[in-house]
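I opened my notebook to go through this model one step at a time. Here are my entries, in the order I looked things up.

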Amino acid sequence: SDCNQDSVHQSVQRALSMVGADIIDVGGESTRPGADILSVEEELQRTIPVIRGIRERKSNTWAIFQIF
């Protein structure tokens, strides 16, 4: 997994900058053509820290994610 503190912080900041958003869709896997397919464990390792960061700072926002 390439999830690290800097990328988590950047993702949380990007989510929080979505003024007025009540629901934020968080994804751990790239949708770009040719991107690596992640295991469920890798995707959870990428998404859970971001969701926690969002909820710690903006508890009234829903964060949704899907695992393929």
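**Entry 1: confidence.** I began with pLDDT, since this is a predicted model. The protein averages 82, and 91% of the residues score at least 70. Which parts have the lowest and the highest confidence? I found the lowest mean, 74, in strand E2 (residues 62–64), and the highest, 88, in H2. I also wrote myself a reminder: where pLDDT is low, the predicted coordinates should not be read in detail.

**Entry 2: helix H2.** I turned to H2, which covers residues 40–57. From first C-alpha to last, the 18 residues of H2 reach 26 Å, close to the 26 Å expected at 1.5 Å a residue. Which residues of H2 are buried? My list has Glu43, Arg46, Thr47, Val50, Ile51, Gly53 and Ile54. I then looked up what covers these buried residues of H2, and the cover includes H1, E1 and E2. For the spacing of that list, I noted that an α-helix has 3.6 residues a turn, so residues three or four places apart point the same way.

Entry 3: Is Thr47 buried or exposed? Thr47, which sits in helix H2, counts as buried because its relative accessibility is 1%, under the 20% cut-off. Leaving out residues up to four places away in sequence, I see Thr47 touching Val26, Gly27, Gly28 and Phe65. Glu56 is in helix H2 too, but Glu56 has 65% relative accessibility, so it counts as exposed.

**Entry 4: Ala15 in helix H1.** Next I picked Ala15, a residue of helix H1. Its relative accessibility is 6%, so Ala15 counts as buried. What does Ala15 touch, not counting residues up to four places away in sequence? I found Ile24 and Ile54.

Entry 5: Asn4 lies in the segment before H1. With 39% relative accessibility, Asn4 counts as partly exposed. Asn4 and Thr47 are 43 residues apart in sequence, and I get 11 Å between their C-alpha atoms. Thr31 is in the loop between E1 and H2, and I have it down as exposed because its relative accessible area is 80%. The C-alpha atoms of Thr31 and Gly53, 22 residues apart along the chain, are separated by 23 Å.

**Entry 6: the largest pocket.** I finished with the pockets. The largest one has a volume of about 510 Å³. Which of its 23 lining residues lie nearest the centre? They are Ser11, Arg14, Gly27, Gly28 and Arg46. Arg46 was already on my list of buried H2 residues, and Gly27 and Gly28 are among the contacts of Thr47. Helix H1 (5–16), strand E1 (23–25) and H2 each supply at least two residues of the lining. H1 gives the most, with five. By type, I count ten nonpolar, six polar and seven charged residues in the lining.

Notes. Residues numbered from 1 in each chain as written. Predicted model: local features only at pLDDT ≥ 70, side-chain atom pairs only at ≥ 80, totals over all residues. Heavy atoms only, no water. Helix = DSSP H or I, 4+ residues; strand = E, 2+ residues; numbered from the N terminus. Buried < 20%, exposed > 50% of the residue type's maximum accessible area, 1.4 Å probe, protein only. 1 Å grid on protein atoms, 1.4 Å probe; cavity = no way out; pocket = protein on both sides within 12 Å on 5 of 7 lines; lining within 4 Å. Points joined across faces, edges and corners; volume = space filled by probe spheres on them. Nonpolar A, V, L, I, M, F, W, Y, C, P; charged D, E, K, R; others polar. Contact = heavy atoms within 4.5 Å. pLDDT = per-residue confidence, 0-100. Expected span 1.5 Å × (residues − 1).
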